[in-house]
Amino acid sequence: MTDQNTPPELNDLRSQIDGIDTRLVELLAERQQAVARVAELKKEHGLPLYHPAREEDLLSRRRKQAEAAGLPPDWVEEFFRQLIRRSRVSQSGDLVGHAVRPGAVILLVGGGGAMGRWFESRLGAAGYEVRVLEKDDWADVDEMCAGVELAILAVPIEKTEAVAHCIGPHLPETCILADITSIKARPVEAMLAAHKGPVVGIHPMYGPTTSSMDKQIVVVTPGRGDESWQWVVQQFAAW
């Protein structure tokens, strides 16, 4: 809106700013299209989403560019950090459907809990065959364990050790046995004692309401057969 007291030069400058803002939005849309293509290539080649060295190099170059242009480097860095994060979140959404080990059968023991449901949703979206074993399903435990490549204990902390001893004898020897509790020493010891195959302790440092895996932390505690369960770690990295 303008009024008769507004200097014509001010109106001209406002129009100029509007034009710049329009071009900025168009450039952001163009950048987002390139980001989508990057996500496709990363998914196709199994590459990790987060590349910290590249991000820091980009930010360093933008700071130097800002300083040369007479802009506050901190402000420009903040803007690009937000832009980069938005790109990562977008890419992580595209990579949800990427399976590091296509066709693998995964058993969630206690999958009816909040974190169990999170894993069922994520693993199912990636294309894995997911089976859920609850306390009422133990009569069919051998059938449910047949052909399983990864069994995840998603039960309360106080039940993890007992459940590990119960499920261990029913798992194929090549199956990976993992837990997701927030304590690691005793659960890993229990899994090692209960199962002769690969064992790994996992602690996702996030809750079941997490919608984006952007920069989330997952603690991995080696147990046995490190080479066998590397694909599990790679799956988190892909997400």
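This is a predicted model: local features need pLDDT of at least 70, side-chain atom pairs count only at pLDDT 80 or more; totals for chains, interfaces and linings use all residues.
1. Residues are numbered from 1 along each chain as its sequence is written, and side-chain values rest on heavy atoms, with hydrogens and water left out.

2. On the helix pair: the axes of helix H6 (residues 157-167) and helix H7 (residues 185-194) come within 8 Å and cross at roughly 10°. Helices here are DSSP runs of H or I with at least four residues, strands are E runs of at least two, and both are numbered from the N terminus. The axes are lines fitted to C-alpha atoms, for helices over the stretch in contact, with angles running from 0 to 180 degrees between N-to-C directions. H6 and H7 are therefore roughly parallel to each other (angles under 35 degrees count as roughly parallel, over 145 as roughly antiparallel, 65 to 115 as roughly perpendicular and the rest as oblique).

3. On the residues between these helices: Thr-160, Glu-161, Ala-164 and His-165 in H6 meet Arg-186, Pro-187, Ala-190, Met-191, Ala-193 and Ala-194 in H7, where contact means heavy atoms within 4.5 Å. By class, this contact of H6 with H7 holds 6 nonpolar, 2 polar and 2 charged residues; Ala, Val, Leu, Ile, Met, Phe, Trp, Tyr, Cys and Pro count as nonpolar, Asp, Glu, Lys and Arg as charged, and the others, Gly among them, as polar.

4. On the cavity: a search of the whole structure finds 1 cavity of 30 Å³ or more, and about 80 Å³ of space lies in the largest cavity. Of the 13 residues that line the largest cavity, Phe-119, Leu-150, Ile-152, Val-232 and Phe-236 are the closest to its centre. Helix H4 (114-125), strand S3 (150-153) and H8 each give two or more residues to this lining, and the largest share, 4 residues, comes from H8. The lining of the largest cavity has 12 nonpolar, 1 polar and no charged residues. On a 1 Å grid over the protein atoms alone, a cavity is a set of points where a 1.4 Å probe fits but cannot get out, a pocket is an open set with protein on both sides within 12 Å along at least five of seven lines, and lining residues have an atom within 4 Å of a point.

5. On the pocket: the second largest pocket has a volume of about 280 Å³, a volume being the space filled by probe spheres set on the grid points, which are joined across faces, edges and corners. Of its 15 lining residues, the closest to the centre are Met-213, Gln-216, Phe-236, Ala-237 and Trp-239. Helix H8 (226-238) and strand S6 (218-224) each supply at least two residues of the lining, with H8 giving the most, 3 residues.

6. On two histidines: His-195, in the loop between H7 and strand S5 (199-204), is buried at a relative accessible area of 3% (buried means under 20%, exposed over 50% and partly exposed in between, with a 1.4 Å probe and protein chains only). Leaving aside neighbours within four places in sequence, His-195 is in contact with residues including Gly-168, Cys-175 and Arg-224. His-203 lies in strand S5 and counts as buried at 16% relative accessibility.

7. On Gly-207: this residue is in the loop between S5 and S6 and is partly exposed, with a relative accessible area of 26%.
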